[in-house]
Amino acid sequence: MTPITPAKELIAHLTIDDMLELNTFLVGRIKAKQNEEGRRMKRQLFVGSKVSFRDNDGRMAEGKVTKIMRKFAKVDTGDTIWRVPLNRLNKETA
């Protein structure tokens, strides 16, 4: 049994208002984690960094960072220049 199973059983008994409150809490936590990951990645990146990410079809794409913005980076994969959220990037090691 995973730790999620008991939580699912408890959630099944919540009222709609309680579920909406829980949803607001969870969405806030998810956004905070994503922002934290984005800030961590931004500190590691510079123009020319080699990175990888999953494209819209779920395939792994690799390229070089051409521009770093507040929450996104432009990544040149050779075929296309992608605008990728910072928290979705993986920095390639030398």
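Is arginine 59 buried or exposed? I looked this up before anything else. Arginine 59 counts as exposed, because its relative accessibility is 52%, where exposed means over 50% relative accessible area, buried under 20%, and partly exposed in between (1.4 Å probe, protein chains only).

Housekeeping. I'm working from a predicted model, so local features need pLDDT of at least 70 and side-chain atom pairs count only at pLDDT 80 or more, while totals for chains, interfaces and linings use all residues. Residues are numbered from 1 along each chain as its sequence is written, and side-chain values use heavy atoms, with hydrogens and water left out.

**Salt bridges**

I took a salt bridge as a side-chain nitrogen of Lys or Arg within 4 Å of a carboxyl oxygen of Asp or Glu. That rule gives me two salt bridges. In one, arginine 59 meets aspartate 55 at 3.7 Å, N to O. In the other, arginine 59 pairs with aspartate 57, with the closest N and O atoms 3.2 Å apart. I then noted that shared partners join Asp55, Asp57 and Arg59 into one network.

**Strands**

Next I went through the strands, which are DSSP runs (E, at least two residues) numbered from the N terminus; helices are H or I runs of at least four. Two strands pair if DSSP finds at least two bridges between them. Which way do β1 and β2 pair? Strand β1 (residues 50-54) runs antiparallel to strand β2 (residues 60-68), over five bridges. I found serine 52 opposite glutamate 62 in β2. The β1 and β2 hairpin has five residues between the strands, and there glycine 58 takes a positive phi near 90°. β1 also pairs with strand β5 (residues 90-91), antiparallel, through two bridges. Here valine 51 stands opposite lysine 91 in β5.

**Positive patch**

Last stop was the surface charge. Lys31, Lys42, Arg70 and Lys71 form a positive surface patch. For patches I used residues with over 30% relative accessible area and no salt bridge, with like charges joined within 9 Å and nonpolar side chains (Val, Leu, Ile, Met, Phe, Trp, Tyr) within 5 Å. I placed lysine 42 in helix α2 (residues 16-44). Lysine 42 is partly exposed, since its relative accessible area is 36%.

Definitions and conventions:
Accessible areas come from the Shrake-Rupley method with a 1.4 Å probe; for residues, only the protein chains shown count as cover. Lys and Arg count as positive and Asp and Glu as negative; His and the chain ends are not counted. The place of a charge is taken as NZ of Lys, CZ of Arg, CG of Asp or CD of Glu.
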